[in-house]
Amino acid sequence: MSLLNIEIKSAGYEKGDSIITDIAFRIEQGELVGLIGPNGAGKSTTIKAVLGLLEHMDGSVAFGSGGNYAYIPERPLFYDELTLWEHLDFVAAVEELNEEEYRKKADVLLDTYKLAHHAHEFPSKYSKGMQQKAMLILAMITDPYLYIIDEPFMGLDPDAMKLFLDSIEKERKRGAGILMSTHVLDTAEKICNRFIMISNGRIVAKGTLEEIRLQCRLPEGSLYDCYHFLAEGDGDER
Ligand SMILES: Nc1ncnc2c1ncn2[C@@H]1O[C@H](COP(=O)(O)OP(=O)(O)OP(=O)(O)O)[C@@H](O)[C@H]1O
């Protein structure tokens with residue numbers, strides 16, 4: 001059974017308003033799938049459809065059984081009056097995590113991401129990159145079977161970027177599936193197993209880089225070359 005199986009005929013923010021059309025794909029265990037496309041193409045809308053946040057949704061979204069999924073939004077969200085440790089305690093309570101185990105795991109993650117000294121401060125006051133790292137820790141603490149990540153690279157410094165990529169790889173090896181939207185194509189090309197390219201609310205190509213190259217007739221092309229070929233002329237006009 002796939003970790004995620006989505007078949008959207010049409011979806012949008014208001015009844016009858018179709019922003020995305022005929023979007024269908026699956027995510028299997030241990031797969032990192034890149035959701036790629038120009039500004040306004042419909043990547044965030046696709047993610048919102050998966051999360052069940054759209055007013056208009058004609059189609060189906062099926063999650064594989066066996067645990068929880070984690071959503072990491074493009075703009076981190078925190079409770080103003082809670083410290084990072086209090087956020088961790090909150091997530092642990094909601095997810096009913098074993099106290100001893102999650103505290104041990106949290107210590108390691110806080111250390112790895114160099115947030116141990118800031119764990120009793122308010123994440124709402126962190127820098128952008130620190131907030132992104134905090135969001136990632138809050139997601140990883142729950143051992144999700146599926147991650148849905150909207151543009152993770154903005155604001156991360158080179159060390160944080162490497163940490164993030166290492167974490168993603170570790171989670172993938174554990175068997176978690178990951179759907180990740182991004183504009184950072186050279187990184188996506190290196191780390192994603194498959195891609196879904198969206199333009200004007202529709203899938204214009206999907207598959208491995210090899211398969212996308214074939215679809216674009218660019219046998220030697222980079223992901224950027226294929227993206228450029230597929231998105232050319234689309235811009236953000238709809
Ligand atoms: N809350 C909203 N209400 C109405 N329309 C919206 C809303 N959010 C986005 N849209 C519209 O949906 C379309 C797709 O936007 P979406 O945010 O999904 O694009 P994206 O591919 O994630 O772009 P970006 O790369 O800029 O983040 C755009 O035309 C946008 O104007």
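Select Ile72 together with Ile149, its bridge partner in strand 6. Strands here are DSSP runs of E with at least two residues, helices are runs of H or I with at least four residues, and both are numbered from the N terminus. Ile72 belongs to strand 5 (69–72), which runs parallel to strand 6 (146–150) and is joined to that strand by four bridges. Strands are taken as paired if DSSP finds at least two bridges between them.

Residues are numbered from 1 along each chain as its sequence is written.

Six strands form an open sheet with mixed pairing, in the order 5-6-7-3-8-9. Strand 5 and strand 9 (202–207) are at the edges with a single partner strand each, so one side of each has no neighbour in the sheet. From one strand to the next, the twist averages 15 degrees; angles run from 0 to 180 degrees between N-to-C directions, with axes fitted as lines to C-alpha atoms, for helices over the stretch in contact.

Next, select helix 8 (residues 223–231), which lies across strand 3, strand 8 (194–199) and strand 9 and runs at about 25 degrees to strand 8.

Which strand order does the open sheet of three strands have? The order is 2-1-4, and the pairing is antiparallel. Strand 2 (20–27) and strand 4 (56–63) are the edge strands; each has a single partner strand, so one side of each is left without a neighbour in the sheet. Neighbouring strands are turned by 5 degrees against each other on average, direction ignored.

Display strand 1 (residues 4–12), which pairs with strand 4 in the antiparallel sense over eight bridges. Along this pairing, Ile8 stands opposite Gly59, and Ser10 has Asp58 as its bridge partner. Strand 1 is also joined to strand 2 by seven bridges, again antiparallel, and there Ala11 has Ile20 as its bridge partner. Then select helix 1 (residues 43–51), which lies across strand 1, strand 2 and strand 4 at about 115 degrees to strand 1.

**The two domains**

Colour domain 1 (27–53 + 147–238) and domain 2 (73–144) separately; these bounds come from an automatic or database domain assignment. Their centres, taken over C-alpha atoms, are separated by 26 Å. Twelve residues of domain 1 are in contact with twelve residues of domain 2, contact being C-beta atoms, placed from the backbone, within 7 Å. Helix 5 gives the most, with four residues. By class, this side has seven nonpolar, two polar and three charged residues. Ala, Val, Leu, Ile, Met, Phe, Trp, Tyr, Cys and Pro count as nonpolar, Asp, Glu, Lys and Arg as charged, and the others, Gly among them, as polar.

**The ligand**

Centre the view on the ligand. Which of the eleven residues around the ligand come nearest? They are Tyr13, Asn39, Lys43, Ser44 and Thr45; a residue is near if its C-beta atom, placed from the backbone, lies within 6 Å. The shell has three nonpolar, six polar and two charged residues.

**Confidence**

Finally, colour by pLDDT, the predictor's confidence in each residue, from 0 to 100. The chain has a mean pLDDT of 91, and 97% of its residues reach 70 or more. Over residues 233–238 the pLDDT is below 50, and this stretch has nine contacts in the model beyond near neighbours in sequence. Where pLDDT is low, the predicted coordinates should not be read in detail. The model scores ipTM 0.98 and pTM 0.91.

Technical notes:
This is a predicted model: local features need pLDDT of at least 70, side-chain atom pairs count only at pLDDT 80 or more; totals for chains, interfaces and linings use all residues. Two residues are in contact if their C-beta atoms, placed from the backbone, lie within 7 Å.
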